[in-house]
Amino acid sequence: MKKIILLLLLATSVYGQNSEKISDGQLCRQIKSAIKYLKADKELKTRNFRFDSKIGNGWNYDMFSSEYVAYQLGVEKEKIFDLDKTKTYPIYKKLENTKRKISELELDCVKKKRKPNAELSKLDNDNLLINVTTNRVGKEGANGMAYLFFFENGEISKVYKTSWIE
């Protein structure tokens with residue numbers, strides 16, 4: 001019995017961990033620019049951001065799939081459905097096939113806080129998704145805003161946002 005428990009503990013500790021450490025100055029600059037934008041957004045109900053110490057790889061990008069495809073193709077969101085499917089399909093497929101994983105952040109600009117209300121996700125070097133819980137953090141019925149930032153030359157070039165509720 002002890003061997004089975006030990007084997008289960010070892011399996012969860014080895015296979016249950018899918019996180020790697022990330023430390024990146026460019027990401028810090030993007031996060032700081034995004035926070036500055038969020039603090040100026042009148043729709044957002046909170047100005048106190050407590051970040052989780054993890055970053056998702058492509059998490060919650062499904063909320064912005066059309067916006068992501070439109071930005072990648074350099075067209076307005078409303079026009080992507082008029083485009084030839086051979087242009088849009090590979091980008092949608094990339095979103096669908098992205099391996100969802102979590103990485104630990106080791107950044108000076110993001111410190112792990114108790115009861116975080118902001119989560120980060122990243123798919124490419126030129127974008128960043130921040131999901132901010134504005135009400136009922138960690139509880140059923142929680143709600144908030146999700147922001148997808150695109151960057152060019154270190155500056156925010158486009159922002160998409162949407163509200164959500166669990």
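Visitor: Hi! Which residues have the most contacts inside the largest nonpolar core?

Guide: Ile31, Leu38, Phe51, Leu120, Leu128 and Ile130 do, in a core of 22 residues. A nonpolar core here is a set of buried Ala, Val, Leu, Ile, Met, Phe, Trp, Tyr and Cys residues joined through side-chain atoms within 4.5 Å. Buried means under 20% relative accessible area, exposed over 50%, and partly exposed in between, with a 1.4 Å probe and protein chains only.

Visitor: What sort of model is this?

Guide: It is a predicted model, where local features need pLDDT of at least 70 and side-chain atom pairs count only at pLDDT 80 or more, while totals for chains, interfaces and linings use all residues. Residues are numbered from 1 along each chain as its sequence is written, and side-chain values use heavy atoms, with hydrogens and water left out.

Visitor: Thanks. Back to that core: which elements give two or more residues to it?

Guide: Those are H2, strand E2 (51–57), E4, E5 and strand E6 (143–152). H2 gives the most, with six residues. Helices (H or I, at least four residues) and strands (E, at least two) are DSSP runs, numbered from the N terminus.

Visitor: And what does Leu38 touch?

Guide: Leaving aside neighbours within four places in sequence, Leu38 is in contact (heavy atoms within 4.5 Å) with Leu44, Arg47, Phe49, Ile130, Val132, Tyr147 and Phe149. There is also a second, separate core of 17 residues, which includes Tyr71, Leu123, Leu129 and Ala146.

Visitor: Let's look at H2. Which of its residues are buried?

Guide: Leu27, Cys28, Gln30, Ile31, Ala34, Ile35 and Leu38. They cover an arc of only 160° around the axis, so they sit on the same side of H2; the arc is that of the directions from the helix axis to the C-beta atoms. On the other side of H2, Arg29, Lys32, Lys36 and Ala40 are exposed.

Visitor: How far apart are the end C-alpha atoms of H2?

Guide: They are 23 Å apart, which agrees with the 22 Å that its 16 residues should span at 1.5 Å a residue. The expected span is 1.5 Å times one less than the number of residues.

Visitor: What about H4, which residues are buried there?

Guide: In H4, Thr88, Ile91 and Leu95 are buried. Their arc around the axis is only 70°, so they too lie on the same side of H4. These buried residues pack against helix H3 (65–73), while the face turned away carries the exposed Thr86, Tyr89, Glu96 and Asn97.

Visitor: New topic: which cysteines does a disulfide join?

Guide: Cys28 and Cys109, with S to S at 2.1 Å; a disulfide is a pair of cysteine sulfur atoms within 2.5 Å. The torsion about the S-S bond is about -100°, so the disulfide is left-handed. The pair links distant parts of the chain, 81 residues apart: Cys28 is in helix H2 (residues 25–40) and Cys109 in the loop between strand E3 (102–105) and strand E4 (118–122).

Visitor: Last one: is Asn127 buried or exposed?

Guide: Asn127 is buried, with a relative accessible area of 0%, and is found in strand E5 (residues 127–135).

Visitor: Which side chain does Asn127 have a polar contact with?

Guide: The side chain of Asp126, at 3.3 Å. A polar contact is a pair of N or O atoms within 3.5 Å; within protein, one must be able to donate a hydrogen and the other to accept it, and residues adjacent in sequence count only if both atoms are side-chain atoms. The Asn127 side chain also reaches the backbone nitrogen of Leu123 at 3.4 Å.
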